[in-house]
Amino acid sequence: MTRLLAWLYLLLAYGFILLPVGALVLFSFQDGRLPVPPFQGVSLRWYADVLGDRDLMAALLNSALVASGSSAVACALGFLAAYGLARHVLPGAALLRAILVLPLAVSTLIVGLGLLIVASRLGVGLSLWTAGMGHVVINLPLCFAILYASMGDQQRNAERAARDLGASEGQVIRLVTVPMLRPALVAAFFLSVTLSWDEFIVSFLLTRFDVTLPVEIWSMLRSGLSPRLNAIGSLVFLVSIAVVAAVELVLRPGRRP
Amino acid sequence: MSDTGRGWGFVAPALLWTVGLFVVPFAVMAAMSLARLEGRDLVWGVDWGNYAQLAKPQIARAVLVSLEITLTVTAVSVLLAYPLAAIIAFRVPPRWQRLALLLAVLPFWTSYVVRSYSWLLVLSKQGVVNQALLGLGLVAEPLTLANTRFATVTGFVHFFTMLLTLTIYANLMQLPRNYARAAQDLGANGWQTFRHVILPLTLPGVVTGAFLTFVLCIGDYVTPQILGGNNELSLPQVIMVQLGRRADFPLASALSIVLMGLVMLAYLLCARWLRLDRV
Amino acid sequence: MTAPVTLDRVAHSFGPHRALGDIRLEIAAGEYVVLLGPSGCGKTTLLSILGGFVRPDQGRVLIGGRDVTAVPPARRPTTTVFQDYALFPHMTLRDNVGFGLRMAGVARARRHEAADRQLALVGLEGAGGKRPHELSGGQRQRVALARALAVEPEVLLLDEPLGALDLKLRRSMQDELKAIQRRVGTTFVHVTHDQEEAMAIADRIVVMNAGRIEDQGPPDRVYRRPASLFAAGFMGEMNRIPARRGPAGVETPLGPLPVAVPGDAARLTLCLRPEALRDGSGAWDLGPARVGDLAFFGTHFRAHLIPERAPDLRLVAHLPPDRAPDSVLRLAVDPAELSIFPEEVP
C-alpha cells in the first residue's frame, strides 16, 4: 500500500516538474501561431526563424562572451584568494573570508542596484562590460568557496614536498596546486558559466544597447505567447544541458589516478 | 618578501574587486537610501523619509505580499520535496537513483526567464491545464490561472521543489545507513524510525535549504513579474517600478535595505532555531 | 534472556557474487561464538542475516526454535552492536539506551531508570545526560553495548565491535565483553578478523573463508589442530613444510614421519606452530639447525632456523625466554602438534 502510494507520488511529482519544460519543448515544434494545445504538427520553422534573427543571435553571442569571460575572471581571482588564505598566515583571515563570501548573502537585485547607482554617479556608460563585472561580483564568492574548500591537507603535503625538492612558489602553484585542483577548478568555472548564462536581473540593470540573451527574451515576452519564445527557450535549455554534460565528461576522466 | 606580504598579494585582487564593486556600492546605496529627491535633483543628507514610506498602504502591502508568497512557497516546497527526496533515496533501486534525481531536477537547467514563461504555456487561458479541463468537461469556462498569486506561487514552488529535493536527497544519503538499521533493530517501525531518527538528523539540512529558498524567493523579480502580473506587486517589483518610472533611486535603495533586513531577520530566526535544536 | 540459534543450509548471493554457501551452524543458548575470517569472507553477511537486515536466498534461521527467516529486525529477539556504533547523535546517552524501551511503549520514568542501570553496568554511571560526541571511542562502544542489551535480547550480535579502538583498549574491552556476557547470560555472536581477539573471548570460534565455514571449535583446538590449511594459516604464524606421501607415512626434507594421512593427495603440506619446535629430543627428530636472526619478545625468543638437512628451508621457532638459545639447536617435535593437509593448488 505505502509502496503504491510512493510510486504514485513519484509519478505526480515528475508530472509537475516536467510539465512546463515538456510544454516548452513540444510547442517549439508547433506548426501554428500559438504555442498551446492542440498540437498541430511538427515544424522547424520557429527554429529557423530564431536562428535567423540577428538580435537574438547577437544576444546569444553576448551571453556566451559575458558568461565565459566573467567566469574566467571569477575563477582566477577566487583561486588566488583561496591559495593566499589557505597557504599563508594572514591577520584577520576570518574577516577576509567573510568579506569575500558576503555577496552570496545578498539578493542579486541589490548587487545590481548598488552597481547601477555607482555607475550612474561616476557617469560610466552601461554595456556588456558593466554587466560582466557584475557577474564576477556574483560568481566570485562561489568560486572562492569551492576552491578554498578543496585546498585540503593532501594538497598541502604535496606542495611542501615540491618546496622541499627546490621548487619556487610559482612553480609549486603551476606544477602541483593547479593540476591537483583541476576538478574543483573545472566545477567552479562551469557552475559559474551556467549561473551567468541564466542571470537576468544584473544584466537587465547594467546593460543598455547590447544585451544578454535572457534580457532579449524578456523584451520578447511583451508580445505574449509565441512559438518563437519556445524555440529560443528550448535552445537555451539545450546549451545548459550541454554545459552540464561537458562538466561530467571533463571531470570523469579526471578521477583517474 | 615576507610570507604575510606574499599572502596579501594573492588575496588582494579578489578583495579589491569585492570591496570596490560590492562593499562600496552597497555603502553608497545605504547612503542613497537616506537621500531625498527634489524634482529631478538628488539631495544628500540624513532623511528617514524614504523609510517612512513603508507606512504607505501601497508599499506596506508589497512587503506583506512578498512575505506571504515567500512563506507559502517555502512551506509548500519543503512539504513537496521531502517525500520526493525520501522516495528517491529509499525506494528507487540504487542504480536508478542518479537517473531519478536527474529527471527530478532537469528543468533546473532551463533559463530563469524561460522557466517562468513555460509556466505561462501551462496556466494561461488557452494553456495546457485549461484545455485539458475544458476537454474533460470539468469546467465550462477557462479558469483564470495566469496573472494571479497562484501562478507566482506555482512557478516558485516548481523551482524550489527541485532545489530542496537536491539538498534533502544529499542529506538523506549522507546519513549513515546504520542509524535507521539501529532504530529498526531496537523495535522501531517505519514511521517511528522516520519521526525519531531520520527527521531530526536531517532537520538542519532542511532548515538550511528552507532558508536558501526564503532568500532567493523574496528577492526575485522575474517570477512575480511574468506570472503574477501587475494585480498585486511584490517588494522587488515595487523596487523596479521606482527605478523605471520615476528614477527614484533613494526610495529604491531604502526598499532594498528593507529587503535585506527581511533576509537578516530570517537568518536570525533560523540561526536561533538551529541552536535551540542542538542544545 | 538467552536462546539457541540454528542456521540451516543458509546461502546468499549479491548479484553474481556468492557471499555465503550452504552454511549450517548450531549455537547453544548462552554461548559466546566468534565468527572469524578475512574481509569479504561472508561473516558480516551472516551476521546481517541473523539480525534480519538481509534475507537469505536459501535456508532457514531459527532462534529459540522459532523460524525467524522472514521476520524483520524490529520483531526479532536480536539486537546489534554496529561497527560504527550508530549512536543517535541528537539524543542523550539515556535516550539512546532507552530507545528500544521507548519503542516498546515503556513509560519515560521506567525507561530512564532502566537506561541508567544499563549505563552503570557498562561503567558509565551518571553519564546519562551526555551526548555521544562528548565520549571517547571506548565509551561509545560501551553505550552501544548498553543500548543493545537494554531491551534484553535473546541473542546479541556484535559487528567488529572493537575494530575502531586502539590495540590496548581493544585488549581490555575484550575482557570486559566476556565478563558482561557471563553476567547477562545472553547468546553473543561476535564478528572479527582479529584472531587474538577471537581466542581471548570465544567459547567457540567459527573460521570462515569465501562464504564457507572452514573450521569450528574451542579456541585451543582450532589453534593447535586446525581442520584446514586456511584455518591453520589464519589462526596464527605457521611453518609450512612441503611433503609427499611415502610408503611408510610421510616423506619430508627433514626426514620421514611415520603417520597415517587420510585422503589420497600425493603432495602434502605439513603445518607446525612456532612454539611446537623444541630444542632437545622428542618423538620426531628434525636434526640439527643453525640459529639465524633472533629477537626477544618477553614471553619467548623468536628465532629463524636453518635446518642442516634442508638448508633451503626456513623455520620460525618460539624458544623459552629464560636464556638465549645456542647457535646450533637439535630440533624435535611432538607429532601430536602436527597438522597435515593436501597441498594447496594455487
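This section describes chain contacts, a helix pair and a strand sheet in a predicted model.

Chain A and chain C, by contrast, do not touch, and 17 Å separates their nearest C-alpha atoms.

Two packed helices are described by the angle between their axes and the distance between the axes. Within chain A, helix 3 (residues 54-87) and helix 6 (residues 128-150) have axes that come within 7 Å and cross at roughly 40°. The crossing in which helix 3 of chain A passes helix 6 of chain A is right-handed. In the contact of helix 3 with helix 6 of chain A, 17 residues are nonpolar and 6 are polar, while no charged residue takes part.

Strands of a sheet pair through backbone hydrogen bonds, either parallel or antiparallel. Chain C contains an open sheet of 5 strands in the order 13-12-11-14-20, with antiparallel pairing. Strand 13 (255-257) and strand 20 (338-342) of chain C form the edges, each pairing on one side only. Neighbouring strands of this sheet are turned by 35° against each other on average, direction ignored. One of the pairings joins strand 11 (residues 239-246) of chain C to strand 12 (residues 249-252) of chain C, in the antiparallel sense and over 3 bridges. C:Arg245 has C:Val250, in strand 12 of chain C, as its bridge partner.

Methods: Residues numbered from 1 in each chain as written. Chains lettered and ligands numbered in written order. Predicted model: local features only at pLDDT ≥ 70, side-chain atom pairs only at ≥ 80, totals over all residues. Heavy atoms only, no water. Axes fitted to C-alpha atoms, helices over the stretch in contact; angles between N-to-C directions. Helix = DSSP H or I, 4+ residues; strand = E, 2+ residues; numbered from the N terminus. Left-handed = near helix turned anticlockwise from the far one by under 90°. Nonpolar A, V, L, I, M, F, W, Y, C, P; charged D, E, K, R; others polar. Pairing = 2+ DSSP bridges. Contact = heavy atoms within 4.5 Å.
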